[in-house]
Amino acid sequence: MIDQLLEFAQNHPLLVGAFVVVLLAWLAFESRRSATGGVSSGEATNLINREDAMVLDIREIKEFKAGHIAGAINVPADKLDNNMQRLEKHKDKPIIVVDKMGQHGGGVVTKLQKAGYSGARRLKGGHSQWVADGLPVVTR
């Protein structure tokens, strides 16, 4: 198998080169995106305990009911525009946006920041990282 891969690379250097360039660009983009604006589970815990941060869970209702961070408000990402009034009283507080795996929260954070919620941040790794870190979830 390795021999076939090397033979392919020798026969198609432009295709392999283009693939490598695209791969490196994607990796750079993802690393930059994950480094900006996110908070770790530990940082989120500090924000919740010390600065009374509000947790906004943007997962679907079914996933939210299966387990969520205590005190979180559930507004699915596709229904955020229609539910912004629910967040008005938290405008001056930090807001931690929680999605399933930390990949979709960035768009919601950007939308919130444009609407004046300057303290909005996403949870790196999302709900799955929170659970992996052994932090508590509730099902009520």
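Asparagine 46 lies in helix H3, where helices (H or I, at least four residues) and strands (E, at least two) are DSSP runs numbered from the N terminus. With a relative accessible area of 38%, asparagine 46 is partly exposed; here buried means under 20% relative accessible area, exposed means over 50%, and partly exposed lies in between (1.4 Å probe, protein chains only).

A word on what you are viewing. This is a predicted model, in which local features need pLDDT of at least 70 and side-chain atom pairs count only at pLDDT 80 or more, while totals for chains, interfaces and linings use all residues. Residues are numbered from 1 along each chain as its sequence is written, and side-chain values use heavy atoms, with hydrogens and water left out.

Let us step back to the whole chain. The protein has 6 helices and 5 strands, and reading along the sequence gives the pattern α-α-β-α-β-α-β-β-α-β-α. Its radius of gyration, taken over C-alpha atoms, is 19 Å, whereas a compact globule of 140 residues would have one near 14 Å; that globule rule is 2.2 Å times the number of residues to the power 0.38. Along the principal axes, the C-alpha atoms fill a box of roughly 60 × 30 × 25 Å. Of the 140 residues, 32% count as buried.

Over residues 49-139 the chain is 29% helix and 15% strand, with 20 Å between the end C-alpha atoms.

Aspartate 52 sits in the loop between helix H3 (41-51) and strand S2 (54-57), and its phi is positive, about 55°, although it is not a glycine. Most residues other than glycine have a negative phi. Aspartate 52 is partly exposed, with a relative accessible area of 46%.

Next, follow the chain to histidine 68, in the loop between helix H4 (61-66) and strand S3 (73-74). Is this residue buried or exposed? Histidine 68 is buried, because its relative accessible area is 4%. Not counting residues up to four places away in sequence, histidine 68 touches Asp57, Arg59, His127, Val137, Val138, Thr139 and Arg140, a contact being heavy atoms within 4.5 Å. Valine 21, in contrast, is 39 Å from histidine 68, C-alpha to C-alpha, and 47 residues from it in sequence.

One of those partners, valine 138, is worth a visit too. Valine 138 is found in the segment after helix H6 (126-132), and at 21% relative accessibility it counts as partly exposed. Beyond residues up to four places away in sequence, valine 138 touches Gly67, His68, Ile69 and Ala70. The C-alpha atoms of valine 138 and isoleucine 69 are separated by 6.2 Å, although the two residues are 69 apart along the chain. For the protein overall, 64% of contacts between residues at least 6 apart in sequence join residues at least 24 apart.
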